[in-house]
Structure formats: C-alpha cells, structure tokens
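Biologist: Before I rely on the words used for this model, I would like to hear what stands behind each of them. Could we take them one at a time?

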Amino acid sequence: MRFHPRMTSILLATLLIARQAIASGDLQSRIDGAEVGSTIVVPAGTYGPIRVDKSITLIGEGMPVIDGRGKGDVIILANASPVTIRGFIVRGSGSDLDLESTGVRVLKSQTIIENCRFEDVLFAIDLKEAKDCVIRNNHLGSKPLDIARRGDVIRLFRSDNCLIENNVIEDGRDALIWYSDHITVRGNVSRRNRYGFHAMYSNDVHFEDNLLIDNSVGIYLMYGKGFTLTNNRVLRNRGVSGYGIGFKEVDEYEIRDNVLSGNRVGMYIDGSPMRRKPGSATFEHNTVACNDVGMMLLPSVKGNRITENNFIDNIEQIGVSGRGTVEQNEFAHDNRGNFWNDYNGFDANHDGVGDQAYAPSMLFESVIDHDPKLRLMLFSPAHDAIDFIGRAIPATRSAPKFRDVSPLTSPVMQTPAHRDANASGFAWTAAGLIGVVGLLVAAASGLPDGWREWVRRRPSRTVALKASES
C-alpha cells in the first residue's frame, strides 16, 4: 500500500505526538516503579509534573522538558534522600504568589540539581529544611512579571551545608539564604534581579568569585555572623537602594579582593559590627571605583578596619548617612591606610605612605550627607559655589568625617579570581591595570616631587573606567 508523501508526514507527526503523550504519562510510572538508588535516563520529550518520594537519580538526554502546565509545582522532591536531577528544562509552574508555585520544591536533604534550565516558573528552586544540597550549573529565572510579583529564584530556609555554584540567575526577584548556616556561594552570575543574594539570620556564609550586575542590590547581609566575601565583582547595582554590598547588624566578616564599580553606593554599613572585637570586621584589598558613594556608613557605626583598599573616582569617597563622623572606625593599621585618587599630599621619603593625613572636609559633601535630596545639585554651579565658599572661608567647613593617617600613594594590587574564565579574565585585567599604575609610579622616580605625585594619582582614572566598563 502506498501513502501520499503528505499523508506520510502527517502520520509521522501524529506518531511522534502520541509517543510524547505516552512518555509524559509514563515518567511518573517509571519513578513510582523504580528501585531505591536506581538511575532513570529520560529521553528528549515533554513530560508532566512529577513527584519523587524515593532516592533515585534522574538524568535527561537532550534536555527533556518537565512541564507543570501552569498549575502548582513542577517537581516535588519529598520523603527520600539523596536525589539527583540533572539535564532538564523545568517549565510552567503556577502563577500565584500566595501558593508560592515552584519549579523544584525540595523537602529532603542531599539533593543535587544541576545542568537544568528553568523557564516560566514563579519560584525556581525552593529548599525547606533540606541540608547538604548542591545547586550547580543551572540557568535560573522567573516569570515575565513586574519585579515585585516575581518569585525568588533561589530560596534556602533552614537548609545548612549547601553549595550554590556556577549558576546564571537573572530576571527574578531575590536569591534568599534564611536561617541557613555553612553556605558557599561560588562562581554565580546574578543580573537584573532585585537582590542578587540576601542572607538573613544565617552564619558562616561565603561568597566567592561571583558577578552581581544590574540588580537593585548586589549582596545584602543581615543579622548573622561569619561572612567572607572574596573576589566578587559587584557592578552597576542601581535600584531604589542601589547598594553593591549592604551590612545590617552583622558580626565577624572579612571583605577582601572585591571590585565594586558603578553602583549608587559601593558598600553600605548599618550597625555592623554589633560586637566590636578588634580585627573581626575587615575590609582589605578591595577596589571601590566610579560609584556615586564609595562607602556609606551611619554615624553610629564603629569598629570596622578599612585598610589597603583603592578608592578611585567615586563622586563621594566616604559618605555619612546623618549627622556626625565615622572616626571610630580604623582607616589605617600598622602604618598602612588606603589609596585615595584625590589625595593631595606628598611622600617625601618614598615609603609609599603620604606624609599628611587624608581628612576630607568638603562643604558640599557635608551638606548632602545631612540632606540627601540636595544631591540633585551635583555638578551644578551651586555645587561649585558651595565648595568655593568652603575653601575660601575655612570657618564654614565642617569637621572631617574621618582620617586616614597613613594614606597610600600607589594603588593596592588585588589577588586575581580563579574559579571561572570570566571572573579570572576580569580580575587579571584589573590587576594588570593596577600594575601598570605601579610601573608608572616606579618610572616616575626620577621626576621632581610634584610631577612624581601627579603620576601616582592620575592613572587611577584608567583603572576606574575599565572596571566600570567591564
């Protein structure tokens, strides 16, 4: 019997659709019938929502789709561990925020979710009392809604000892770490979210080699202790808050070798540290460049050690949110302060440390610290006139906000990132540019003192601009 070619095509398409329909109903049956500890290889196709109640491994071939069809959760992992989900497209959760419809809801420990793509899901991955989990190499998003109506892309609740590594997190609401201890967040890219990462009531959380770009807030830490942030790039976070990194009543933190550029506020510090143990709250070897405000502190903030950082071409290097000073923080330690590209002092003995303290007291900065609405006047004739009055009539100046008694006359080299190609390339570029500045300083050793100091300062703008453009 001969079939018309067009009829043959229709028949094949019908058989393919039927096969996919059978496969969709068959996956849950395969899971229900599988032995504990077994591996199920899932061929390409579209499958319905699934529930896993036993310890198994699901591996997708050709990125099969698990589709929730717009209702509830797409995948529920409950009552058994360990479980591995690898190589799927997870799509089509419900849209109700009150139900918190989720791509993968994890209710058991020792779960691995890797190499998956999440599309059109309200919440992407939600861990609840699920310890020792790994979220790795996934592409995570939410639904195309207003940012406040989206779900959280990652949420950990009472889920200790988890690893969040090498994920792309974009166009969601927040990535939350709540009441969860001993968490590592490494090598992730977060962009166009509200909070890149928000840690609250969590301890011993480590952020390494992440890129946080174009969010409202990059990283915000609240009510915990034992934080380390190293080799992160925090760029262009300019939402309503616009903080690159924020601190709210936290203790025992080390912030080192990060680049913060193009943010409204590079670092914001409120009530931190709570317990003022010397050397327990440190900011070292960071580059803070081309932000509206490099670092903003409340007047009540005390006990931070802020040394050997590069503050480059921020409109306001250090801001005080309110009336008062922040001199009870340590801006120099063991004769090593910070590099300020607007420092106007000299280094007569060539030891790399300025002979005069860096103690800014610009009148306009004092005005806008007391009344932030007046930032509208930045770079206007009124801005210039107010600063001119401050220079011409010293009695009008306010007291310096802080003093760096050992300002550095050369930028500080940073340790390059090493986890992924993008992070490494950016960090090596930044380190190389700072190195060029150092070479120029060395080459200027035969110039007169005034020219030598000019060369030390001016190339810093190149470093800042390159950091902002990357």
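Modeller: Let us begin with N329, which touches L297, V301, K302, G303 and N304, leaving aside residues up to four places away in sequence. This is a predicted model, in which local features need pLDDT of at least 70, side-chain atom pairs count only at pLDDT 80 or more, and totals for chains, interfaces and linings use all residues. Residues are numbered from 1 along each chain as its sequence is written, and side-chain values use heavy atoms, with hydrogens and water left out.

Biologist: What makes these residues contacts of N329?

Modeller: Contact means heavy atoms within 4.5 Å, and L297, V301, K302, G303 and N304 are the residues that N329 touches in this sense.

Biologist: Which backbone atom does the side chain of N329 reach?

Modeller: The side chain of N329 reaches the backbone nitrogen of G303 at 3.3 Å. A polar contact is a pair of N or O atoms within 3.5 Å, where within protein one must be able to donate a hydrogen and the other to accept it, and residues adjacent in sequence count only if both atoms are side-chain atoms.

Biologist: Why is N329 called buried?

Modeller: Buried means under 20% relative accessible area, exposed over 50% and partly exposed in between, with a 1.4 Å probe and protein chains only. N329 has a relative accessible area of 6%, so N329 is buried.

Biologist: How do you know that V121 is buried?

Modeller: The relative accessible area of V121 is 0%, and therefore V121 is buried by that cut-off. V121 lies in the loop between β11 (117-119) and β12 (123-128), and among the residues it touches are V74, V90, G103 and G141.

Biologist: What makes β18 and β21 a pair?

Modeller: Two strands pair if DSSP finds at least two bridges between them, the strands being DSSP runs (E, at least two residues) numbered from the N terminus. Strand β18 (residues 174-178) and strand β21 (residues 195-200) have four bridges in the parallel sense, so they pair.
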